[in-house]
Amino acid sequence: MARLWICSAFALILCLFAHAFADDVVVLTDDNFEKEVGQNRGALVEFYAPWCGHCKKLAPEYENLGASFKKAKSVLIGKVDCDEHKNLCSKYGVSGYPTIQWFPKGSLEPKKYEGERSAEALTEFVNSEGGTNVKIAKIPSSVVVLTSDNFDEIVLDEKKDVLVEFYAPWCGHCKNLAPTYEKVAKAFDVEEDVVIANVDADNYKDLAEKYGVSGFPTLKFFPKDKKAGEDYDGGRDLDDFVNFINEKCGTSRNGKGQLTSKAGVVETLNSLVKEFISATNEDKKAVFNRIEEEAEKLTGSTARYGKIYVKAAKSCLDKGADYAKKEVQRLERMLAKSISPAKADEFTLKRNVMSTFTSDH
């Protein structure tokens with residue numbers, strides 16, 4: 001959902017994870033560790049394991065830390081995957097996860113961090129050791145925060161498909177889910193008809209009781225045509241959520257929020273496109289007219305896709321058989337460049353539709 005709702009600071013700390021901050025923590029390996037650490041800046045390094053529950057819980061806090069120190073040239077915030085780099089972790093005496101160590105400027109002799117595993121405590125430690133004065137970065141979120149005041153307005157809107165997480169601030173499973181849930185919200189951020197939301201069910205017990213919530217986290221999906229809500233019983237990985245939303249809402253996004261190769265493709269028109277490709281030049285005009293007629297019958301988002309089909313067919317009719325292949329290649333070159341999400345969506349839809357007009361499709 002495009003709109004951004006303001007979260008309480010407490011809810012932010014517990015449940016938000018900024019996908020855009022993922023690159024702000026430097027990934028350290030056997031190859032680059034001594035090139036990055038022990039040089040002309042201090043370094044805080046987290047030694048972690050991907051399967052470690054405490055590491056997953058720390059992840060949003062540590063990413064927030066990385067974002068906060070992104071512009072601090074005298075400090076590096078890094079991490080080492082100890083499953084991938086066992087020798088490196090053994091070298092620095094790592095026996096449990098996560099282990100956080102501070103490496104002073106110009107030194108490979110670390111000091112173990114023994115404090116709280118929160119972005120605030122880690123920031124205070126790094127400022128003290130590194131001589132910096134950095135403040136915590138505020139994390140923007142794509143998750144819509146629900147309260148008793150706005151719940152009905154957002155969730156019961158019959159123009160929106162809404163996924164709601166009922167969580168409790170003290171719930172460990174909720175904290176573990178938070179980074180993934182934020183990624184889900186980010187992936188569908190530009191889909192105006194899709195809302196990824198959460199509500200503090202410990203604070204708003206009336207909402208939890210109304211919807212039969214007895215454990216945390218509880219996820220319920222409120223489609224446009226069924227506002228009584230239905231339980232989400234799927235997996236808790238990013239792909240599980242993305243596949244669920246795509247199936248239920250008719251969207252075609254991947255975990256990064258990009259349109260997939262299926263986006264914009266309309267099967268009823270594809271059969272006509274096959275006829276169009278194989279038709280003689282004399283017969284193409286007649287098939288084109290049928291594509292126009294079929295496209296006019298489409299409703300909702302598919303009506304937009306129908307217009308792309310008609311425009312693509314008209315261009316192929318006017319510019320010849322090779323046009324579709326050349327246009328697909330041009331669009332792929334454009335997609336390889338750094339462009340806005342809106343432009344990426346536009347070019348992807350055009351490419352997907354135009355691809356159906358190529359002879360090798």
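This is a predicted model: local features need pLDDT of at least 70, side-chain atom pairs count only at pLDDT 80 or more; totals for chains, interfaces and linings use all residues.
Which are the buried residues of helix 12? They are Tyr305, Gly306, Ile308, Tyr309, Val310, Ala312, Ala313, Ser315 and Cys316.

Figure 1. The C-alpha trace spans about 80 × 55 × 30 Å along its principal axes. The chain has 361 residues, and buried residues make up 50% of them. Among the contacts with a separation of 6 or more, 71% are between residues 24 or more positions apart.

**Figure 2. An open sheet of five strands in the order 1-3-2-4-5.** The pairing in this sheet is mixed. Its edge strands are strand 1 (26-28) and strand 5 (111-112), each of which pairs on one side only. Strand 2 and strand 3 (residues 75-81) run parallel and are joined by seven bridges. Strand 2 also pairs with strand 4 (residues 99-103), here in the antiparallel sense and over five bridges.

Figure 3. Seven of the seven residues of strand 2 are buried. Gly42, Leu44, Glu46 and Tyr48 point one way from the strand, while Ala43, Val45 and Phe47 point the other way. For glutamate 46, the bridge partner in strand 4 is isoleucine 100.

**Figure 4. Helices 3 and 5 against the sheet that holds strand 2.** Helix 3 (residues 53-68) forms a right-handed β-α-β unit with strand 2 and strand 3. Helix 3 lies across strand 2, strand 3 and strand 4, and runs at about 160 degrees to strand 2. Helix 5 (residues 119-130) lies across strand 2, strand 3, strand 4 and strand 5. The angle between helix 5 and strand 4 is about 20 degrees.

**Figure 5. An open sheet of five strands in the order 6-8-7-9-10.** Pairing in this sheet is mixed. Strand 6 (144-146) and strand 10 (230-231) stand at the edges with a single partner strand each, so one side of each has no neighbour in the sheet. Strand 7 (residues 161-167) and strand 8 (residues 194-200) run parallel, joined by seven bridges. Within this pair, leucine 163 stands opposite isoleucine 196 of strand 8. Helix 7 (residues 172-187) packs on the sheet and touches strand 7, strand 8 and strand 9 (218-222). The direction of helix 7 makes about 165 degrees with that of strand 7. Helix 9 (residues 238-249) also packs on the sheet, touching strand 7, strand 8, strand 9 and strand 10. Its direction makes about 20 degrees with that of strand 9.

**Figure 6. Helix 12, residues 301-319, and the helices around it.** Helix 12 has 19 residues. From its first C-alpha to its last it reaches 28 Å, close to the 27 Å expected at 1.5 Å a residue. Its buried residues, including Tyr305, Ile308 and Ala312, pack against helix 10 (267-278), helix 11 (281-297), helix 13 (323-335) and helix 14 (341-355). An α-helix has 3.6 residues a turn, so residues three or four places apart point the same way. Glycine 320 follows helix 12 and has a positive phi, near 100 degrees.

**Figure 7. The largest nonpolar core, of 27 residues.** The members that touch the most others are Leu269, Phe276, Ile291, Tyr309, Cys316, Met354 and Phe357. Helix 10, helix 11, helix 12, helix 13 and helix 14 are the elements that give two or more residues to this core. Helix 12 provides the largest share, seven residues. Leaving out residues up to four places away in sequence, leucine 269 touches Ile291, Glu294, Ala295, Leu298, Gly306 and Tyr309. Another core, of 18 residues, lies apart from this one, and Tyr181, Ala185, Ile196 and Tyr232 are among its members. In soluble globular proteins, nonpolar side chains tend to be buried together.

**Figure 8. Threonine 348 in helix 14.** Is threonine 348 buried or exposed? Threonine 348 counts as buried because its relative accessibility is 8%, and the cut-off for buried is under 20%. Apart from neighbours within four places in sequence, threonine 348 is in contact with Leu259, Thr260 and Leu335.

Terms used
Residues are numbered from 1 along each chain as its sequence is written. Side-chain values use heavy atoms; hydrogens and water are left out. Buried means under 20% relative accessible area, exposed over 50%, partly exposed in between (1.4 Å probe, protein chains only). Helices (H or I, at least four residues) and strands (E, at least two) are DSSP runs, numbered from the N terminus. Two strands pair if DSSP finds at least two bridges between them. A crossover is right-handed if, with the strands pointing away from the viewer, the path from the first strand over the helix to the second runs clockwise. The expected span of a helix is 1.5 Å times one less than its number of residues. Contact means heavy atoms within 4.5 Å. Axes are lines fitted to C-alpha atoms, for helices over the stretch in contact, and angles run from 0 to 180 degrees between N-to-C directions. A nonpolar core is a set of buried Ala, Val, Leu, Ile, Met, Phe, Trp, Tyr and Cys residues joined through side-chain atoms within 4.5 Å.
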